[in-house]
Amino acid sequence: MATPWAAVDAWMARPRSPRQVVVWLGLYLALAANWPLWIELARIGGAPSVYLPSIASMALLTVCGTVALLSLTAWTRWMKPLWFGIVLLAAGVQHYMLSYHVVMDPTMLANALQTDPAEVRDLLSWRLAFNLLWVCALPGWAIWRVRLLPQPLLSQAWRNGLLLLAVAVVAAGGAMVMNRQLAPLMRNNVGLRYMMNPVASLYSTASATIRPMFKHSRRLVPITAGTALGASYAAQSKPPLFVLVVGETARADHFSLNGYARDTTPELAARQVLSWRDVHSCGTNTLASVPCMFSPLGKLGYEVRKDDYENLMDVLQASGLAVFWLDNQAGGCKGVCDRVPHASASDQLEDGVKAALCDGDECLDDVMLRNLDARLATLPAERRAKGVVLVMHQMGSHGPAYSKRSSPDAKRFLPECTSNALAECSHSELMNAYDNSIAYTDRFLGKTIDWLKAQSGHYDPALLYLSDHGESLGEYGLFLHGLPYNFAPEVQKHVPMVSWMGDGMKARRRLSSACMTAGLDTPLTHDNLFHTVLGLMDVTTPSYKPALDALASCRGGDAVAAR
């Protein structure tokens, strides 16, 4: 019996044109690297009579799209490394789509390109190596062995153009014939277009890397003109100290403060915090959410902007306050802190602290509480005398290595999933690992509040915690986050928001505890952060909108009378 290798060897016995190679490669990739698409079409269709025609239609479009793209590379043997690179990309994309049920849209690719080495290490596994070998071995060997026919440049050019035209005509004809099935399918399942592999991944890669090169250079639009400190600073006996904790990958429905059955937030509950229960994010990944939540434009304005704008950090800095951004993510602040003092939490740490709290480039969030007084002491004294705003950017519950996000003494739910191949873990083990990361965040926030209480002799302290986005933990077969916002599940967008106010801050801002408690079910979004922080810190600026300040109705006047 002939083996696949023997058949391939026989096919390569005589020289082939580059066009034959790319047609063969397009057919192979449609078959071997699109299982997530075929599985999803079967899931959507239900009955074979529904999903088999859909698979046939999408297979035709995928083959035509792949061959069309590869026809641009059908030249000489010097294209062989590029062909193999496309196969490798398709195999890697398929692995992550199968393992985590993500789609490779431009936002996901841009987010992946900003992944740091520590996060890459968390995504590596023997299963990845096997899946790459399974898809790449046969075409890699064939690409290496095949002999290509030498042809004049002009002859290759018109033949390649003819191939491109032919597959375009076939794709257009097929789309017209199958329009009745394809149109509603694609309209109701937008994510399918980003599952056509490698067409979608090549498009998204180009969109994330090449398109920015051709965009006009963005100008920075200033918004700080007219910024000043409000009346509360004129006769203050102590300056305010406000800590804003930017959470990572935390789901609101896994906070026991919000009704979760497991007691994941006992430290926060013991400190009588306020927890808003209906808060939604600006995006489904850090790259989209963090700049958006600090923007004055709101989600809709931020997504259609033509230029860059100064953000909340710039406004606070312009007011005269001491501002500092402390980061526990190697990916950084996504440009938000570029114009204010900032540092990595792992900088200037003693070797013993690093050994206890860090694993390579990744550190537990407790590292941000080390040397904190010394870090703030480096800020200008005249600014600290007015007030301090400290932003802490967490590692939080960043996946898929959830078990690394909590220390051994904080693991309350066992056994937990320790693999980064989440589908291989039982649901209970996965929940244990993720909930341990939430419990660790709870403990970290409790320690931060205790530190703030210790500063109350010199400052009027307060804390606000808000996560950047949520996470999928197997619901609908999805894992991680980063799906396009319009069809991402609720769990990737519903985020926790928690505040703690010291007596000094409540008094200086005349905040009514009863009023704030009564508003915990008010729907909020990341759009509210910019204005709520400015209102709390009593910073006046033209970009401040009282209607978006979540605490505006609880300050002064009737709010005090209701207290």
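Colleague: Why is C554 called buried?

Modeller: C554 has a relative accessible area of 3%. Buried means under 20%, exposed means over 50%, and partly exposed is anything in between, using a 1.4 Å probe and protein chains only. At 3%, C554 therefore lands in the buried class. Bear in mind that this is a predicted model, where local features need pLDDT of at least 70, side-chain atom pairs count only at pLDDT 80 or more, and totals for chains, interfaces and linings use all residues. Residues are numbered from 1 along each chain as its sequence is written, and side-chain values use heavy atoms, with hydrogens and water left out.

Colleague: C554 has a partner, C515. What makes the two a disulfide?

Modeller: The sulfur atoms of C515 and C554 are 2.0 Å apart. A disulfide is a pair of cysteine sulfur atoms within 2.5 Å, so C515 and C554 qualify.

Colleague: And which hand does the disulfide of C515 and C554 have?

Modeller: Left-handed, because the torsion about the S-S bond is about -75°. The pair links distant parts of the chain, 39 residues apart: C515 sits in helix α22 (residues 513-518), while C554 is in the loop between β17 and α24 (558-561).

Colleague: What makes a stretch a helix or a strand here?

Modeller: Both are DSSP runs numbered from the N terminus; a helix is H or I over at least four residues, a strand is E over at least two.

Colleague: Is C515 buried, exposed or partly exposed?

Modeller: Partly exposed, since its relative accessible area is 22%. C554, at 3%, is buried.

Colleague: How many disulfides are there in the structure?

Modeller: Five. Number the bonded cysteines in sequence order and the pairing reads 1-2, 3-4, 5-6, 7-8, 9-10.

Colleague: How do you know that C282 and C292 are joined?

Modeller: The S to S distance is 1.7 Å, which falls inside the disulfide cut-off. The link of C282 and C292 is right-handed, with 65° about the S-S bond. C282 lies in the loop between β5 (279-280) and α14 (286-293) and C292 in helix α14, so the pair ties together parts that are ten residues apart in sequence. Both C282 and C292 are buried.

Colleague: What about C417 and C425: which hand does that link have?

Modeller: Right-handed, with 55° about the S-S bond. The sulfurs of C417 and C425 are 2.0 Å apart, so this pair also passes as a disulfide. C417 has a relative accessible area of 4%, so it is buried. C425 comes out at 16% and is therefore buried as well.

Colleague: Which residues does S403 touch, apart from its neighbours within four places in sequence?

Modeller: K411, E416, C417, T418 and A433. Contact means heavy atoms within 4.5 Å. S403 itself lies in the loop between β11 and α20, and its relative accessible area of 14% is why it is called buried.

Colleague: Where are the cis peptide bonds in that loop?

Modeller: One joins G399 and P400, with omega about 5°, and P400 is in the loop between β11 (388-393) and α20 (427-454). Another joins L414 and P415, with omega about -5°; P415 also belongs to the loop between β11 and α20.

Colleague: What makes Q272 stand out in its backbone?

Modeller: Q272 has a positive phi of about 55° although it is not a glycine. Q272 is in the loop between α13 (266-270) and β4 (274-276). At 72% relative accessibility, Q272 is called exposed because that value is over 50%.

Colleague: Is D538 buried or exposed?

Modeller: Buried, because its relative accessible area is 11%. D538 is not a glycine either, and its phi is near 55°, a positive value. Its place is in the loop between α23 (527-536) and β17 (539-540).

Colleague: Last one: why is R14 called exposed?

Modeller: R14 has 52% relative accessibility, so it clears the cut-off. R14 is in the loop between α1 (4-11) and α2 (18-32). R14 and L148 are 134 residues apart in sequence and 8.8 Å apart in space, C-alpha to C-alpha.
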